[in-house]
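Open the model in your viewer and keep the selection panel at hand.

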Amino acid sequence: MSALARWCYRHRLLVVLLWVALLAGLGVASTAAGSKTSNSFSLPGTESTKALDLLKATMPAQSGANASVVWRSTGDVRAPAVKNKMTATLGELAKMPDVGGITSPYSAQGARQISADGHTAYASVDFTKQANELDKANLQKFVDTAEAARGDGLKVELGGDPIGQLQQPGTSSSELVGILAAAVVLFVAFGSLFAMLLPIGTAIAGVGTGLLTVTLLTHVMSIGEIGPILGALIGLGVGIDYALFIVTRHRSNLKSGMDVESSVVKAIDTSGRAVLFAGGTVVIALLGLFVLGMSFLNGMAVASAVTVVCTVLAAVTLLPAMLGFIGMRALSRRERRAHAAGGSNRPGVWARWAGVVERRPVILSVISLALIAVLSLPVLSLRLGSSDAGNDPSSSTTRKAYDMLADGFGPGFNGPLQLVAETPAASDQQALRNLAGQVSRTEGVAAAVAMPAKPGAKVGIVQVIPKTSPQSKQTADLIGHLRHDVIPPAEKGSTLRVYVGGQTAIFDDFADVLTGKIPLFLTVIIALGCLLLLVAFRSLLVPLTAAVMNVFATAASFGVVVAFFQYGWGSEPLGLGAAGPVEAFLPVIMLSILFGLSMDYQVFLVSRMHEEWVHTGDNKRAIKVGQAETGRVITAAATIMIAVFIAFAFGGQRVIAEFGVGLAAAVAIDAFVLRTVLVPAAMHLFGKANWWLPAWLERRLPHLSVEGSEEMVDESRQAHRPVTVGRESR
C-alpha cells in the first residue's frame, strides 16, 4: 500500500488526469449505449409462476401486464355524453402498440365494471408484455390519450404497474441533499474547506464511475431500475466515509509533525488498508446475495458492489493525489497555528467518555441492551409483501385511480387473483365454473367469475376479487386458503389442475420464497464475517462479539422499519404512504448492507485497539486508546451516512424510503450505541480474553494485516505517544 500511495502522491497530476479520462470515457460510452435496465424476476416452481407460464403458452394476450382506465362522473357514467366520449377514447387506446385488448364497461362482458351508484366505471386493459418490457414512450402516449378525455364533471385516471413505472422519480435531488448534508458535517468536523471537499469529491468520482459502469453492465446482465439507485445510496455513504477515515488519519499525522508526503503514505498504509478490508467485506456481503439464486437480487448486488469497488479505488488512488495538491491546507488555519506553536495535549471528549465506559461497563451495557430490545420488539410482527398504488403520493394518477376503484367497487378490485386452470377434458370447463361458484361463496371473496372460453379450450380462467386490498394480510391468507382448502377438492376425480396467479399472488409467493431463504443467507454472512475478523485480529471473542452486534443492529433497524412503514407511525405523517407490508426483498438486501457497514466500524474501532494491544499487552489501555482515537471519526462518519440515507428516504419512492430509514436507523444504532457503548463495555468485562486464540488455530490461520506493516504501525504509535489516551483526532 505504501508504494501505491507514494506513486499516486508523486504523480498526482497524472492520477487526476487518468480519473478525469476514465469518467469522460465511461460517460461517452454509457450515453452512446444508453441504459437497458430490466425489472423482471422469476420464481421457479411457485404456483403463480406456473399460472403465468400457462397463460404465456396458451393465451399471450392474457399473460401480459394489466392496467385500468378509471373514470368518475358527477352524473351517471352511462349518460350518452360520457359513454360516447369514453367509448371513442377506448377505441383509440385499443389501437396502440402492445395493447392486447380492452374490456369496456359498456360491453356485455364488462357489465360489472360500473359501480353500484353509477358514478364510477373502469376499462380493463391487457398488454401483450410484462410491465418492465413495455416501451415507455408508447406508455406515455397511452396515458396522454386517456387523460385527454378529462372534462367538466369527468375525472379520468389510470392505474396498474405499467402506469406506475412512468411515475418513478429520479434521485438527483436526493443525492444533492445528501452531499450538502455531508459537507456541513465535514466542515464542522474539520474546520477546513479543503478537508471538507476532498472526501466529497472522492466519493462523487467513485460513485460516478460506478454508476456509469453499471449503465454499461445493464446490456450484459439483468439489472433492475432500483439497482443504480441503491448503488448511489450505498456508494455515497461508504465513499464519503472511506475518504473521511483516510483524511482524518492524514490530519492526525500532520499534527504529530510529519511532512505531507510521509503523512499521506502512512495514512494510506494504515487507514487505507482498513478501507480496503472494510470495502472488501461490503462487496463480499453484497455478492453473497447470489446464494439466494434470484436474478432480480443478483442485479442489485452487482450494481451496489461495483459502486463500492469504485469508491474504494478512488479512496486509495485519487485521494492521496488530491492530498498532495492541498498540502498543509488539510488542517484549518487554527490547527496550523497550533501545530506551529507545538500543539496541545488536552484530553478530548472521547477520551473522557472512554474513561466513563471503563468505570461503568455493567450499567452502560444494561442500558444499551434495553434500548436495543425496545427498538427490536416490532420486528416480531414483521410481515413481508409488496406495497401497491395505495402507497403512492396522493397527487399521482395511480393513487387517484386506486382510490376511485376502492371507493366504487371495494379495495379488492385493486388486486384481483387469477385462477388459471388446465382443462384437457371437455368436462373440466364445467368443473371450473362450479369451482368459480364455490370460490364466490368463500369468506373474503367479493366476487368470482369464470371468464368465457372458446369451445375446446384447454385453459380456463376465473377472476377472483378479494374483499380486502392486495397488501393486506387477509388477502395473503385468502391465497393460502384457496390453494390448500378450496381448490384441491375440486381437482379430485378430474384432470382439472388449477393454479392461483395474478400480480398479487406473484408478490405473495416472492415474499414466501425470500422468507424461507433468510436463515441460510443470515448464517452465510455471519459465518463469513466471523472468519474475516478471526483472520484479521487473531481472536475468538472479537468476531463472535461482532456477530452478536450485527444481529442486534439488524433486529433494531428492522424494528424501526416495521414501526415506521408497516404500522404507519412515520410513513403516514411524513407523506411516505399509508401503512403496509415491508417490501419482500428488503430484509436480504439490508442484511448484506448492514453486515458490511457494521464490519466497517468494527474494523476501524478494533484495529486501533488491536494495534495498542500488540504493543502494550494492556487490555484496558488498548480499549481506551482505541475508543478515544476512533470515536470522533466513527460518529462523524455515521452522521454523514445517516444524512445521506435520510435524504434518499424522502426521494418519493417507498422502496427507497424503506432502505433509507432502515439503514439510517442501523447506522445510528451501530455507531452511537454499539461501537460507542456496548462493544467497549463488553470488551472491558471480557478482559484479556478478548485477544485469546488457541495456539493450534494461530499456527494454521493465514496472516492478514489491517493496521499496516509492523514498521509503519510502530512509527505511528511513537508519533502519537505524547497525547496518549487524551487525543481524539486520530
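This is a predicted model: local features need pLDDT of at least 70, side-chain atom pairs count only at pLDDT 80 or more; totals for chains, interfaces and linings use all residues.

To see it, select residues 586-616 for α21 and 654-686 for α23. The two helices pack at an angle of about 35 degrees, and their axes are 10 Å apart.

Now show side chains at this contact. On the α21 side, pick out residues including Leu586, Ile593, Leu597, Tyr601, Leu605 and Met609. Across from them, α23 contributes Phe659, Leu663, Val667, Arg675, Val679 and Met683, among others. Colour the contact by class: 16 residues are nonpolar, three are polar and three are charged.

Next, select α2 (residues 12-33) and α9 (residues 193-217). What is the angle between α2 and α9? They pack at about 30 degrees, with axes 9 Å apart. Angles under 35 degrees count as roughly parallel, so α2 and α9 are roughly parallel to each other. Their crossing is left-handed.

Zoom in on the contact. Trp19, Leu22, Leu23 and Leu26 are among the α2 residues there, as are Gly27 and Ser30. In α9, look for residues including Ala205, Gly208, Leu212 and Leu216. The contact of α2 with α9 divides into nine nonpolar and six polar residues, with no charged ones.

Move to α3 (residues 47-58) and α19 (residues 503-537). Their axes come within 8 Å and cross at roughly 140 degrees. That makes α3 oblique to α19. Select Glu47, Ser48 and Leu52 in α3; they meet Ala505, Ile506 and Asp509 in α19. By class, this contact has three nonpolar residues, one polar and two charged.

Finish at the sheet. In what order do its strands run? Four strands form an open sheet, ordered β7-β8-β6-β9, with antiparallel pairing. β7 (445-450) and β9 (497-501) are the edge strands; each has a single partner strand, so one side of each is left without a neighbour in the sheet. On average, neighbouring strands are turned by 20 degrees against each other, direction ignored.

Pick Val445 and find its bridge partner in β8, Pro466.

Last, display α18 (residues 473-491). This helix lies across β6 (417-422), β7, β8 and β9. Relative to β9, α18 runs at about 175 degrees.

Key
Residues are numbered from 1 along each chain as its sequence is written. Side-chain values use heavy atoms; hydrogens and water are left out. Two strands pair if DSSP finds at least two bridges between them. Axes are lines fitted to C-alpha atoms, for helices over the stretch in contact, and angles run from 0 to 180 degrees between N-to-C directions. Contact means heavy atoms within 4.5 Å. Ala, Val, Leu, Ile, Met, Phe, Trp, Tyr, Cys and Pro count as nonpolar, Asp, Glu, Lys and Arg as charged, and the others, Gly among them, as polar. Angles under 35 degrees count as roughly parallel, over 145 as roughly antiparallel, 65 to 115 as roughly perpendicular and the rest as oblique. A crossing is left-handed if the near helix is turned anticlockwise from the far one by less than a right angle, and right-handed if clockwise.
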